[in-house]
Amino acid sequence: ENTAAPPPPAAPAADTMSAVAAAPSTTDFVALKENSIFLDYRDNVCAGAQLAVANKLCADLEVPTPQAGGNVTKGYVGDLDVGSLKPHTDTYFQGDMCPVNVHWHLGTEHYSYGQYDENGNGPHGTAERPEWANRDLAAAGEKVRGGFHCHHYDEKEEKFTKPYDWKYCTNMEVGETYEVHWPHSSVGDCGTVNQYQTPFYDGVFCNLSMEQFAAIAVDAQNIASNVGVHGQVFTVVNDEQYFYPDMMRGMIIDKQRNMGTDIHYYTGSTTGTSRSNEMCSQYAPITWQVDRQCHMISASSFDKLCHDMLLQRDDMKDDLYPHGSRELVMDSLVANNAADAESLAAAAAAAAAPAAEAAPEEAPAAEEAPAAEDVAAEVARNGNLRA
């Protein structure tokens with residue numbers, strides 16, 4: 001009997017191994033969307049949900065609505081008196097809000113002195129600080145208005161100038177500054193395949209009729225407590241040290257890198273170049289939570305984001321490129337309710353002091369349970385749009 005061990009299999013040729021290692025994945029996930037039973041756009045319950053609210057001349061508004069984007073420099077407070085109206089200062093998920101879209105603007109619409117302002121730079125310069133003034137185009141031939149820029153750009157460093165081979169995003173450029181917005185809503189189709197929408201208004205108003213909106217909007221606080229936007233500013237670099245894999249879900253929060261920690265809260269409006277200091281948005285007042293700091297992010301992070309956007313049930317291709325930036329909003333149109341971590345902490349301490357000194361009161365007698373309709377009215381007044 002022959003008990004000798006069989007010879008080992010022949011090793012593959014070196015050139016074969018190299019070819020296998022170098023071969024890219026052949027699965028095109030975006031192409032698979034077309035035949036997916038889960039991603040059929042005809043099942044999109046949010047399509048066309050946008051409520052038509054036209055822009056209006058600011059001077060013609062009987063009650064001025066606070067506008068965005070404004071100055072978010074530490075210590076800045078706008079001049080528009082909005083009374084007791086307050087922005088939502090907890091995390092959005094604590095207010096039952098979910099992100100319903102992500103898009104970005106060329107340059108910044110907001111202004112943070114020393115971070116993104118008239119002293120910043122990019123491949124095509126930056127916007128001038130207004131006198132009070134309009135912003136010019138970022139460069140000759142640009143189709144969209146550019147905003148302010150961060151201070152990171154250095155034409156002598158390759159990561160700011162080396163071109164990137166974009167696969168999914170369009171009209172993007174290494175070295176440029178972009179302000180990313182994540183609109184959130186408590187009446188979006190949160191947690192479902194219909195959560196992300198383009199235009200973002202479809203996501204914001206997905207489960208809300210005009211009649212419901214009109215009833216709720218009687219108290220402006222209901223809107224500010226149920227619709228909000230994350231704003232965060234980035235300079236794009238061709239350097240994979242700055243790769244972040246998931247920009248879909250909202251502002252990047254990383255305390256070690258001071259990302260999403262220095263937040264300016266205020267109430268404003270929707271933005272974009274159809275609005276100005278003469279033409280106001282009436283989609284207001286909504287909460288804005290804006291990161292005052294500018295951060296570097298890899299081009300691949302944006303391209304991964306665009307890839308993820310293409311995999312949503314709704315067609316988000318109209319948000320795969322930078323939108324134009326609204327001119328900086330004048331002080332007279334910016335709400336006077338700005339807050340940040342320091343001011344919120346100070347307010348909480350001030351409120352706690354008299355409470356600690358007050359003597360305990362006798363427990364009140366039990367009251368008769370309110371009628372169901374009174375309960376419903378109270379819930380709506382407190383801002384629960386799902387009521």
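Trainee: What makes the pair Asn-101 and His-103 a polar contact in this predicted model?

Mentor: Their side chains are joined at 2.8 Å, and because a polar contact requires N or O atoms within 3.5 Å, the distance of 2.8 Å between Asn-101 and His-103 falls inside that cut-off. The side chain of Asn-101 also makes a polar contact with the side chain of Asp-319, at 2.9 Å.

Trainee: Why is Asn-101 called buried?

Mentor: Buried means under 20% relative accessible area, and Asn-101 has a relative accessibility of 0%, so the name applies. Asn-101 is found in the loop between strand 2 (98–99) and strand 3, and, leaving aside neighbours within four places in sequence, the residues in contact with Asn-101 include His-181, Trp-182, Tyr-196, Phe-200 and Met-316.

Trainee: How do you know whether Thr-267 is buried or exposed?

Mentor: The relative accessible area of Thr-267 is 0%, which is set against a limit of under 20% for buried and over 50% for exposed, and therefore Thr-267 counts as buried. This residue lies in strand 8 (residues 263–268), and its contacts beyond four places in sequence include Pro-66, Leu-85, Ala-224 and Asn-337.

Trainee: What makes the link between Thr-267 and Asn-337 a polar contact?

Mentor: The two side chains meet at 2.9 Å, and because the cut-off is within 3.5 Å, the pair Thr-267 and Asn-337 qualifies.

Trainee: Which residues are closest to the centre of the largest pocket?

Mentor: The largest pocket has a volume of about 530 Å³, and of its 36 lining residues the closest to the centre are Phe-200, Tyr-201, Thr-270, Thr-271 and Arg-275. Helix 3 supplies the largest share of the lining, three residues, while strand 3 (103–106) and strand 10 (286–298) are among the elements that each supply at least two.

Trainee: What makes up that lining by class?

Mentor: The lining of the largest pocket divides into 20 nonpolar, 13 polar and three charged residues. In the second largest pocket, with a volume of about 350 Å³, the lining has eight nonpolar, seven polar and two charged residues, and Thr-91, Tyr-92, Phe-93, His-230 and Ile-253 lie nearest its centre.

Trainee: How do you know where the predictor's confidence is under 50?

Mentor: The chain averages a pLDDT of 87, and 81% of the residues score at least 70, but pLDDT stays under 50 over residues 133–142. Over residues 369–387 the pLDDT is also below 50, and that stretch has 19 contacts beyond near neighbours in sequence.

How values were computed:
Residues are numbered from 1 along each chain as its sequence is written. This is a predicted model: local features need pLDDT of at least 70, side-chain atom pairs count only at pLDDT 80 or more; totals for chains, interfaces and linings use all residues. Side-chain values use heavy atoms; hydrogens and water are left out. pLDDT is the predictor's confidence in each residue, from 0 to 100. Contact means heavy atoms within 4.5 Å. On a 1 Å grid over the protein atoms alone, a cavity is a set of points where a 1.4 Å probe fits but cannot get out, and a pocket is an open set with protein on both sides within 12 Å along at least five of seven lines; lining residues have an atom within 4 Å of a point. Grid points are joined across faces, edges and corners, and a volume is the space filled by probe spheres set on the points. Helices (H or I, at least four residues) and strands (E, at least two) are DSSP runs, numbered from the N terminus. Ala, Val, Leu, Ile, Met, Phe, Trp, Tyr, Cys and Pro count as nonpolar, Asp, Glu, Lys and Arg as charged, and the others, Gly among them, as polar. Buried means under 20% relative accessible area, exposed over 50%, partly exposed in between (1.4 Å probe, protein chains only). A polar contact is a pair of N or O atoms within 3.5 Å; within protein, one must be able to donate a hydrogen and the other to accept it, and residues adjacent in sequence count only if both atoms are side-chain atoms.
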